[in-house]
Amino acid sequence: MSDARTSHSQKPALQSLETHLSRTLKRVPPPSGMVERLRSRVQMPTRSEITLRLSDWRRLFYVFGGVLSGMLILVTIARAFYYFAGRGRTSL
């Protein structure tokens, strides 16, 4: 209960700190050369490129297989940590 009251009373202090920082810190614009380089590197693919990539079933199969394998590995590692953490508590 006291934690909720403490965090509630700290909100105005945090808000005043944010206001103070927003007034004292000035915005710094990025260099124009960097913006141009980013615009040239980041490009949205055309509709034909998107449909070509989606129609490549072999590539999609590898992507989905990789994602599912990665998730399976993460779940297995999480279960192993849970098992070992739970096992340490019961031995005490």
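**Basis of the entries**

I note that this is a predicted model, in which local features need pLDDT of at least 70 and side-chain atom pairs count only at pLDDT 80 or more, while totals for chains, interfaces and linings use all residues. Residues are numbered from 1 along each chain as its sequence is written, and side-chain values use heavy atoms, with hydrogens and water left out.

**Confidence**

I read pLDDT as the predictor's confidence in each residue, from 0 to 100. The protein averages 82, and 85% of the residues score at least 70. Confidence is lowest in helix 1 (residues 2-24), at a mean of 74, and highest in helix 4, at 89.

**Fold and surface**

I found four helices and zero strands, in the order α-α-α-α from the N terminus. Both kinds of element are DSSP runs numbered from the N terminus: helices are H or I, at least four residues, and strands are E, at least two. Of the 92 residues, 1% count as buried. I use buried for under 20% relative accessible area, exposed for over 50%, and partly exposed for values in between (1.4 Å probe, protein chains only). The accessible surface comes to about 9,600 Å², of which 64% belongs to carbon and sulfur atoms.

Leu-74 counts as exposed because its relative accessibility is 55%.

**Salt bridge**

I found one salt bridge, defined as a side-chain nitrogen of Lys or Arg within 4 Å of a carboxyl oxygen of Asp or Glu. Glu-36 and Arg-39 are its partners, at 3.7 Å, N to O. Both lie in helix 2 (residues 32-41), three residues apart, about one turn of the helix. Glu-36 is partly exposed at 47% relative accessible area, whereas Arg-39 is exposed at 59%.

**Aromatic pairs**

I found two aromatic pairs. Phe-61 and Tyr-62 make a tilted pair, 6.2 Å centre to centre with 55° between the planes; both residues are exposed. Tyr-83 and Phe-84 make an edge-to-face pair, at 5.3 Å and 65°. Rings of Phe, Tyr and Trp (its six-membered ring) pair if their centres lie within 6.5 Å; planes under 30 degrees apart count as stacked, over 60 as edge-to-face and the rest as tilted. Tyr-83 is partly exposed at 48% relative accessible area, and Phe-84 is exposed at 53%.

Terms used. Areas by Shrake-Rupley, 256 points an atom, 1.4 Å probe, with all protein chains shown as cover.
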